[in-house]
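Reader: I keep seeing labels attached to protein models and I'd like to know where they come from. Could you walk me through this one?

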Amino acid sequence: MEYYTLVVLLLAATIRVATPLTLAAMGGLFSERSGVIALGLEGMMLGAAFAAAAASAASGSAWLGLGAGIGAALLLALLLAFACVTHRGNQVVAAMAVNIMVAGLGPTLGLAWFDLGGQTPQLGAKAQRFTEIVLPGAAAARAHPLPGLIYAELISGHSLLVYLAAALVPLAAWVLYRTRFGLRLRAVGENPQAVDTAGISVTRLRYQGVLISGLLCGVAGTYLSIAASSGFVRDMTAGKGYLALAALIFGKWRPYPTLGACLLFAFTDALAARLQGVPIPIVGVIPVQFILALPYALTVLLLAGFVGKSTPPRAIGVPYAKEK
Amino acid sequence: MSAAGQPAGRSRWGELILLPTINLVAALLLSGLVIRLIGESPRQALQLMLAGAFGSQEAIGYTLYYATNFIFTGLAVAVAYHAGLFNIGAEGQAYIGGLGVGLVGLVGGNWPFWLVLPAAIVAAAAFGAAWAFIPAWLQARRGSHIVITTIMFNFLASALMTWLLVNILIKPGQQSPETREFGAGAWLPTAQSLLGRIGLTVAASPLNLAFLLALGAAGLVWAIIWHTRWGYALRVTGENPSAALYAGIAPPAVMLLAMLASGALAGGLGLNELMGVQHRISLDFPAGAGFVGIAVALMGRNHPLGICLAAILFGALMQGGSELSFDLPHVTRDMVVVIQGLVILFCGALQNVFRARLRRLGLNL
Amino acid sequence: MEPTETPVPPALELRGLDKRFGSVHANRAISFSAARGSIHGLIGENGAGKSTLMNIVYGFYTADTGEIWVQGRKREIRRPAEAIAAGIGMVHQHFMLVQNFSVLENIILGAEGGARLQGGVARARAELAELARTYGLEAPLDEPVERLPVGLQQRVEILKALYRGAEILILDEPTAVLTPQEADQLFRMLRRLREEGKTVLLVTHKLREILAVTDRVTVLRQGAVVAEVRTADTSAAELAEKMVGRAVLLQVEKTPARPGPPLLEVRDLEVRDAQGTPRLRGINFQLHAGEILGVAGVSGNGQSELLEALAGLCVPSRGAILLAGRELRPAGRGAESRRALGLAHVPEDRLRMGVVSGFSAEDNAILGYHNAAAYQRGPWLSRGAVRQECERKMAAWDVRPPQPAMRIGRFSGGNQQKLVLAREVDCRPKVLIIGQPTRGVDIGAIEFIHRRLVALRDEGRALLIVSVELEEVLGLADRILVMAGGEIAGILGRAEATEEKIGLLMAGITGAAGSRPEGSPP
């Protein structure tokens, strides 16, 4: 009995942790497929996290928070697109610049507006957060053995944003492979000249790719600060944006494998949280620092083992300029 | 299309001085906007910053002390850049390099100075290089994106050092996670004492011998990159790996060596911070210098002279910034980070914005 | 009595098109017209302004002044979309295809017929079947483009244009990647298009193509139109003279070769690519002192791999290479050791490999020789020595302008190539292997380089020259080695070599489908 309860709870935690990763990774998918490196996911998520928490605290509404979060991320995405697409700047540098800038800007504005040392005020009221949605019959189902438990813990009881993230993956796949937009987007990441010659605007497609990544990072950041937590704290993304990018690379830039990679990362994270302070056979208690470092070490391992065989979109990272 | 062009040298001053200055001004203007957004006066902030950074001997000492760290990390980023690699891991490499310095400091507190200093330099370089080795090797051998792996290694360095400082190296009986103080033999002489020996009196400040070591490192980097065949091989690899291969250079080996050198330079930060100022290993002593190094390298156009100048500028920002928070409580170190990000943006990604306009004015850029 | 008809307006008419790029006057008040239902040639050497002109017609650039009239109506063409709307289609020299998309996906890109792909795809299939019937242009719709041979990829490009309703088809250097037989096939297709009333604009620098298939030809020189004639009324010599402005030696003069002992020997060489597919198989030949061995073949048939293996840039999976009797070890620093042993290499792709475009001329003059003792003073690289050497090379090979500190990108293609040759020849190599010696080089420099190469041969060196330009091979080589499908299709002496024979050898092994697809554009 106890054993599988543990597993179900672990999986439920996995889903929650995977949500921001999946949202960011799907955003990154559109950006990278269009040919723009998605290193700015971290900064856009962090900016959204701050904006969402600040707006929610100030207005009392989680929905306004979501709007603010998305708005902030879109602004950052616009900046990135401007630097990378319009001005053909170095995409890695531009993204790192945004990430660093946001890391300082959040606490600066937070301090100025809320005077709490850079944080935003604690969100208490239910309306200010996207709290769990309990599906009908979940309370009753909980008492029953395995299927009921799965329904109660795994399927029901997640924040609205989690369900949104889950629905997003098939949507992304459909858009990418079954629509005109998706065809053009994939084309511009492989051979922007071919797209230009066909009379389609390369600039517009790439802007769209980057803005979509901003939109989805906006949701991801909002989730982090007002659904998974109750406010913004400095550096709260803690590298999740980079993990999302690693998941995308590991998933070979395809929606479902990327989802799988995000779940893998999330599972490791959830497992690590469980293992804190718990003695393991032979090794004993693993120091908390190493447990916290697990996702980062896993990222390195994954990139070491598998990237050699996965090919990114052919034209990625190269600013498009008409040849003379 | 062979119009008799201007020789490549003509655009040097534009490249090294004019463009970075304009980019800096743009970054500062935007930062001013942010300052206004949080309800403070940008002009007042700028005045306080300048005064705080250069207003007294002590202030200048602090500015140069900060600059020392940034020269090391800036050189680190620049050397990797010349090989075509973006080393974001200078923060972690400085952290681990400092571990090496700290170990020498803890062990060699009673050694004669002529032994401690070289040992510390070697340790800083070796430990820093070691931390750069795995991401570098993974990029060369497995094609793993070095940007992501170095960022991960920053996090891993933090985890490792925290664990070490809390559990192993901590001074017994103490609460805060730091080691005991180094023996006096392992302290780098301060500027005050060095200048005192030749009869000059200056105010006390953290500025120490490491500043001269940093300048020496900058000179060495300049000489090697532009005046030796290894530097030539490095530059060819960074500009065009195919041409490098054609020229009999092995790009993976060069890239690996460049990253090792980069990590080694980052480790130099430990000499300044640990042996020169803190005299113990403490938590998070790099304090973001690895990232400032990126801004410094980009602003300095990856040239040691530009890097030294940019490092002094950021030292001034750092020192001026911390003075600033006394008078304008809403402007903290975080604001300096914002400025950093904007500088990286303008010098690294948007630099072409102004280039075209300047070209139209007739300047050869 | 014949009813009087209003005269049919030309399909395409350009009036006074002018375009400058900074100080470069690329097109000077160009006017010409192409009649409907004809094949019109546009010829000029590299840098004459042909590509710029066609890019203006297709909307990539906008002319500073001038007008474009299509089918008798003035059109504003500022973007490719507007050109397509005007009925203009273009087949570029480097194909504009998304490699991992299918043929169908490539064709409908931009004309998908709706936000959801499903509906448009069905309609596209029907229309393409119709096009295949009318013009004989068949292509496997669901095959990924990267798996198709080059000739077929080009056909996909033509289908793309026709699918978008092109009445005017512009082809930019279309035979650069085709065997002579494939080129003939292309010409047959073009004639068929002409019969159906389409207008074809053939842009090329190859005289034989103009003479083979066009009705009229316009000659561009230094950005201006210098002649427009009926093809039947002119000759190769006349066109060449108009292209350059003076009488041109179409053949380099040389005395017969006096070959000496073999300096380079290749035995059973095999090279595989990263996937393990053999790109070069069973290569056996000898190269003698005092001879030029020309390697002919459409690019993508193993010539690049051959050059790389000989130069030490890749490790062969089998076989041996002997230089003056000594076997060369495929070590990691292969290229460097071979230079020391007397084998120099001028790469096919100058900008990708032969020079570092961000460096100055003097820094490029030591590329590959930066470890030479002559340049070192202790641990330091002596900039003075480097500069002096560069000045010497520039004088010896007439590189203009003779400014060692100038960025190499500011030199013309011809001067860049002369500097590269100066660099490689300076160390007195026994064997010189050269890929595409005159790619991107203007005619004046071509003559200079050809003369110098023959002079090197007469000094007793051994030269291996790979070129996709058959005329160059026929002009320079003493013996000709023909590559096809990664193998040697045949080795002919110059006397017995004709274009027909070589063409047959080029196509012989791979059959009617044509050559292997290229890995990357030349």
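Author: Here is a run through the labels, chain by chain and then contact by contact. The model is predicted, so local features need pLDDT of at least 70 and side-chain atom pairs count only at pLDDT 80 or more, while totals for chains, interfaces and linings use all residues. Residues are numbered from 1 along each chain as its sequence is written, and chains are lettered from A and ligands numbered from 1 in the order in which they are written.

Reader: What makes chain B as compact as a globular protein of its length?

Author: Start with its secondary structure, which comes to 15 helices and 0 strands; helices (H or I, at least four residues) and strands (E, at least two) are DSSP runs, numbered from the N terminus. The radius of gyration is taken over C-alpha atoms, and the globule rule is 2.2 Å times the number of residues to the power 0.38. For 365 residues that rule gives 21 Å, and chain B has 21 Å, so chain B is as compact as a globular protein of that length. Its C-alpha atoms fill a box of roughly 75 × 55 × 40 Å along the principal axes.

Reader: How many of the residues in each chain are buried?

Author: In chain B, buried residues make up 58% of the 365 residues; in chain A, they make up 56% of the 324 residues. A residue is buried if 20 or more other C-beta atoms lie within 10 Å of its own, exposed if 12 or fewer, and partly exposed in between, with C-beta atoms placed from the backbone.

Reader: Why is A:Asp115 called exposed?

Author: A:Asp115 has 12 C-beta neighbours inside 10 Å, so A:Asp115 counts as exposed. You'll find A:Asp115 in the loop between α4 (91-114) and β1 (132-133) of chain A. A:Asp115 also has a positive phi of about 55° although it is not a glycine. Most residues other than glycine have a negative phi, and most peptide bonds are trans.

Reader: Where is C:Asp268, and what makes it exposed?

Author: C:Asp268 sits in strand β11 (residues 262-272) of chain C. With 12 C-beta neighbours inside 10 Å, C:Asp268 counts as exposed. The phi of C:Asp268 is positive, about 50°, although this residue is not a glycine.

Reader: Which residues does a cis peptide bond join?

Author: C:Arg400 and C:Pro401, with omega about -5°. C:Pro401 lies in the loop between α13 (383-396) and α14 (413-426) of chain C.

Reader: Why are α3(B) and α8(B) called roughly parallel?

Author: Helix α3 (residues 57-82) and helix α8 (residues 210-227) of chain B pack at an angle of about 20°, with their axes 9 Å apart. Axes are lines fitted to C-alpha atoms, for helices over the stretch in contact, and angles run from 0 to 180 degrees between N-to-C directions. Angles under 35 degrees count as roughly parallel, over 145 as roughly antiparallel, 65 to 115 as roughly perpendicular and the rest as oblique. So α3(B) and α8(B) are roughly parallel to each other.

Reader: And what makes α2(A) and α11(A) oblique?

Author: The axes of helix α2 (residues 41-59) of chain A and α11(A) come within 7 Å and cross at roughly 135°, and therefore these two helices are oblique to each other.

Reader: How many residues does each chain bring to the contact of chain A with chain B?

Author: Chain A gives 40 residues and chain B gives 40 residues; two residues are in contact if their C-beta atoms, placed from the backbone, lie within 7 Å. On the side of chain A that touches chain B, the largest share, 16 residues, comes from α4(A). By class, that side has 29 nonpolar, 10 polar and 1 charged residues. Here Ala, Val, Leu, Ile, Met, Phe, Trp, Tyr, Cys and Pro count as nonpolar, Asp, Glu, Lys and Arg as charged, and the others, Gly among them, as polar.
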